[in-house]
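Please look over the sequence and the model below before reading on.

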Amino acid sequence: LAEYGLTATVLSLDYARALSEKAAEQGVKVPCHIALDTGMNRIGISACADEEVAAAVRDIETVCELDALSVEGLFTHLAKADEGVTEMTDEGSLTLRQYRRYAAVLNALTERGKRPRICHVCNSAAAVRFPDYIPEGCLDAVRLGISLYGYGVDAPDGTPVASSPVMRLCTSVVH
C-alpha cells in the first residue's frame, strides 16, 4: 500500500491493528478510509442496528489512535438507494435508517475531535436519486461505482439516467 501510494479500506478493528503493525514494521504511515456497515451486512465496522452505534464509535476511535494509520475517510454503502425510496424523508426506508446510523457515528466522532476529512455515503444510485442529500455540508464525496461501467440508474421519477462506460476492470474476487 505504501509503496504504491494506495489508500486502504479498514474493514474491522482487528484488520486495522494488523495493518498498523505491518506499516510500523516498514516505517510507513498508511492512509485509510474506514468502512462502516450501517445495514448492508457485507463489510465494515458494524453499526447495523442503532444499539451498535456506540461500539462502532469506540472501535473507530481506537483505529484513529493507531500510530501507523492515517484515517482520512469514513464511508458506508447504501444497500437499496436504487429501490423504492424517492426521497430521503421516507420514514422506515433502509436508506434513511442507514444514513441516520452513519450520521450518529459521524456526529459522535466529530464531538470527540475525530471526524475524518472525507466523509461519504452516496453510491451511484444515491448520487442520482438524492443529489441534495448532503445536509449541512457534512459530506464530502460520492462514490460512483456501477455507473462507471455504463449501467444506468433511475432518477426518482423512474426516468433512466444515461451513462457510458469509462473503463473496464478485470480482477479476482478476494472478499
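## Model

The structure is a predicted model.

Strand 5 covers residues 118-122. Of its 5 residues, 4 are buried, so strand 5 is largely enclosed by the rest of the structure. The cut-off matters here, because a residue counts as buried when its relative accessible area is under 20%.

Strand 5 pairs with strand 4 (residues 69-75) in the parallel sense, and 3 bridges connect the two. Within this pairing, H120 of strand 5 has F75 opposite. Strand 5 also runs parallel to strand 6 (residues 141-142), to which 2 bridges join it. Here C122 stands opposite V142 of strand 6. In a regular strand, side chains alternate between the two faces of the sheet.

## The largest pocket

Rolling a probe the size of a water molecule over the atoms shows where empty space is left. The largest pocket holds about 830 Å³ of space, and 36 residues line it. Nearest its centre lie R42, I43, F75, H77 and R143. The elements giving two or more residues to this lining are strand 1 (8-10), strand 2 (30-37), helix 4 (124-129) and strand 7 (153-154).

By class, the lining of the largest pocket consists of 18 nonpolar, 11 polar and 7 charged residues.

## The aromatic pair

How many aromatic pairs does a search of the whole structure find? The search returns 1. The ring centres of Y99 and Y102 are 6.4 Å apart and the ring planes are at 35°, so the pair is tilted. The range for a tilted pair runs between the stacked class, under 30 degrees, and the edge-to-face class, over 60.

Both tyrosines belong to helix 3 (residues 94-111); because they are 3 residues apart there, about one helical turn separates Y99 from Y102. Are these residues buried or exposed? Y99 and Y102 are both buried.

## A55 in helix 2

Helix 2 (residues 53-64) contains A55. The relative accessible area of A55 is 31%, and the residue is therefore partly exposed.

A55 and V105 are 50 residues apart along the chain. Their C-alpha atoms are separated by 9.6 Å.

How values were computed. Residues numbered from 1 in each chain as written. Predicted model: local features only at pLDDT ≥ 70, side-chain atom pairs only at ≥ 80, totals over all residues. Heavy atoms only, no water. Phe/Tyr/Trp six-rings, centres within 6.5 Å; stacked < 30°, edge-to-face > 60°. Buried < 20%, exposed > 50% of the residue type's maximum accessible area, 1.4 Å probe, protein only. 1 Å grid on protein atoms, 1.4 Å probe; cavity = no way out; pocket = protein on both sides within 12 Å on 5 of 7 lines; lining within 4 Å. Points joined across faces, edges and corners; volume = space filled by probe spheres on them. Nonpolar A, V, L, I, M, F, W, Y, C, P; charged D, E, K, R; others polar. Pairing = 2+ DSSP bridges.
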